[in-house]
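Here is a short report on one protein model. Keep the sequence and the 3D view open as you read.

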Amino acid sequence: MNNSIRVNCTKKNLKLIRDFVTEYLRALSLTEIQLNQIVLAVDEICANLIIHANHEDPNKHIVIRILRVKEDTLKFEISDEGLAFERANYKEPDIQENIRLGKKGGVGIALVNRIMDKVEFSSNGTHNTCLLYKKIK
């Protein structure tokens, strides 16, 4: 089973990413809810990287690797060479307030933080990595 994929930074590749993650996870006997939540979290990070960090530049790429770090823990390593996400400047939105106001967008990272067990961002200036950890079973 292939555990990595490299795609150009275009929104049309989000389906390819979702299909790749879904195919990998199907072999793990997760519930549909678990599977869909994980796919949603990975998709959200990749969409942010494609749209915001890389400005949908098809000459740029993101790489997604899925690793089993323990029997019950998956690690998703998502890397690119776009603009780094500055977590220190991130303020989690009030999701209920956004819903009340009918505001669309701006809640993706908050959603990822709720779905995944651990979320880390790092950058060395030219290479950015997001690590998502999820306990399974």
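## Asp80 and its contacts

This is a predicted model. Start at Asp80. Leaving aside neighbours within four places in sequence, Asp80 is in contact with Leu49, Ala53, Asn54, His61, Ile62, Thr126, His127 and Asn128. Asp80 belongs to strand S3. Its relative accessibility is 2%, so Asp80 counts as buried.

The side chain of Asp80 also has a polar atom 3.1 Å from the backbone nitrogen of Gly82. Now look further along the chain. Ser123 is 43 residues away from Asp80 in sequence, yet their C-alpha atoms are separated by 9.6 Å.

## The overall plan

Step back to the whole protein. It has four helices and five strands. From the N terminus on, the elements run β-α-α-β-β-α-α-β-β.

Of the 137 residues, 41% count as buried. Look too at contacts between residues at least 6 apart in sequence. Of these, 60% join residues at least 24 apart.

## How the strands pair

S1 runs antiparallel to strand S2 (residues 61-70), and five bridges join them. Ile5 has Ile64 in S2 as its bridge partner.

Strand S5 pairs with two others. With S3 (residues 73-80), S5 forms eight bridges in the antiparallel sense. There, Glu77 has Leu131 as its partner in S5. With strand S4 (residues 118-123), S5 forms six bridges, again antiparallel. Ser123 stands opposite Asn128 in S5. S4 and S5 form a hairpin, with four residues between them. Gly125, in the turn, has a positive phi of about 105 degrees. S5 itself is mostly covered, with seven of its eight residues buried.

Lys134 is found in S5, which spans residues 128-135.

What does the side chain of Lys134 reach instead? It reaches the backbone oxygen of Ile115, at 2.6 Å. Lys134 also touches Ile38, Asp72, Thr73, Leu74, Ile115, Met116 and Asp117, not counting residues up to four places away in sequence.

## Salt bridges

Side chains of opposite charge can pair when their charged atoms come close. How many salt bridges does the whole structure hold? A search finds eight. One of them joins Lys11 and Glu56, at 3.9 Å from N to O. This pair links distant parts of the chain, 45 residues apart. Lys11 lies in the loop between S1 and helix H1, and Glu56 in the loop between H2 and S2. Lys11 is partly exposed at 45%, and Glu56 is partly exposed at 32%.

Arg26 and Glu32 also meet in a salt bridge, at 2.7 Å. Arg26 has 48% relative accessibility and Glu32 has 44%, so each counts as partly exposed. Glu120 and Lys118 form another salt bridge, at 3.2 Å. Glu120 is partly exposed at 28%, and Lys118 is partly exposed at 43%.

## Cysteines without disulfides

How many disulfides does the structure hold? It holds zero. Cys9 is in none, and the nearest cysteine sulfur, that of Cys46, is 9.2 Å away. Cys9 is buried, with a relative accessible area of 0%.

Cys130 has 3% relative accessibility, so Cys130 counts as buried.

## A last stop at Asn48

Asn48 lies in helix H2, residues 32-53. Asn48 is partly exposed, with a relative accessible area of 21%. Not counting residues up to four places away in sequence, Asn48 touches Ala53 and Ile109. Phe85 is 37 residues from Asn48 in sequence, and their C-alpha atoms are 9.3 Å apart in space.

Definitions and conventions:
Residues are numbered from 1 along each chain as its sequence is written. This is a predicted model: local features need pLDDT of at least 70, side-chain atom pairs count only at pLDDT 80 or more; totals for chains, interfaces and linings use all residues. Side-chain values use heavy atoms; hydrogens and water are left out. A polar contact is a pair of N or O atoms within 3.5 Å; within protein, one must be able to donate a hydrogen and the other to accept it, and residues adjacent in sequence count only if both atoms are side-chain atoms. Contact means heavy atoms within 4.5 Å. A disulfide is a pair of cysteine sulfur atoms within 2.5 Å. Buried means under 20% relative accessible area, exposed over 50%, partly exposed in between (1.4 Å probe, protein chains only). Two strands pair if DSSP finds at least two bridges between them. A salt bridge is a side-chain nitrogen of Lys or Arg within 4 Å of a carboxyl oxygen of Asp or Glu.
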